[in-house]
Amino acid sequence: MKKIMNFVLIVLCFFTFNIFVNAAAKVNSAIQEIRNEKNRTDKEKLTVRKKDVNETPLGGEVSYYYKGNVLKKIVSTLYFETSNEYREYYIKNNRVYFIYEKEISTEHAIWTKKPKVLGIYETRYYFDFNGKIVRYVDENGKIHENDVDMRKADENLRKYKPNFLGNML
């Protein structure tokens, strides 16, 4: 009986390990597919259309990148009193699949002509091609996959998404 129990335990451990390995491989293959698509978009010759926006009190600029009539990428720079926010949105089939964000935190910009930079924070968001977040890399470089921080980041992105994104996120 003891040998049977040990055998069952070993088989159960093997299957559990296999499930975790397969789940990790699926996420990693999805991330690699996103990176490949992003790299293809960056290499394409795209037409740019720029537009000033009033999403913030100090304004900003949004650039739309097209291949023919297909929107492939949106780059936004938004200005705030104590920071500037630069974002790249990569789009396929009218859905955002990757976001790169760089926030430059500064002294109060109104009081000085060249405000001192207090910090630079970069984050990345990866979405599957159905629009579901699959990875979040925070400003410290920590990778979040299927955890509370990733879900909270996704919730905040959707809650405070800029108007120019429409239904793409």
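Leaving out residues up to four places away in sequence, Ile74 touches Val62, Ser63, Tyr64, Arg87, Glu88, Tyr89, Ile91, Phe164, Leu165 and Met168, contact being defined as heavy atoms within 4.5 Å. The model is predicted: local features need pLDDT of at least 70 and side-chain atom pairs count only at pLDDT 80 or more, whereas totals for chains, interfaces and linings use all residues. Residues are numbered from 1 along each chain as its sequence is written, and side-chain values use heavy atoms, with hydrogens and water left out.

Ile74 is, with Val96 and Tyr125, among the residues with the most contacts inside the largest nonpolar core, which has 21 residues. Such a core is a set of buried Ala, Val, Leu, Ile, Met, Phe, Trp, Tyr and Cys residues joined through side-chain atoms within 4.5 Å; buried denotes under 20% relative accessible area, exposed over 50% and partly exposed in between (1.4 Å probe, protein chains only). Two or more residues are given to this core by each of β2, β3 (70-79), β4, β5, β6, β7 and α2, where helices (H or I, at least four residues) and strands (E, at least two) are DSSP runs numbered from the N terminus. A second, separate core of 9 residues includes Ile31, Ile34, Phe98 and Tyr126.

The open sheet comprises 8 strands in the order β1-β2-β3-β4-β5-β6-β7-β8, with antiparallel pairing; pairing requires at least two DSSP bridges between two strands. Its edge strands, β1 (47-53) and β8 (143-144), each pair on one side only. Strand β1 is joined to the antiparallel β2 (residues 60-67) by 7 bridges.

Within strand β4 lies Glu85, which is buried, with a relative accessible area of 13%.
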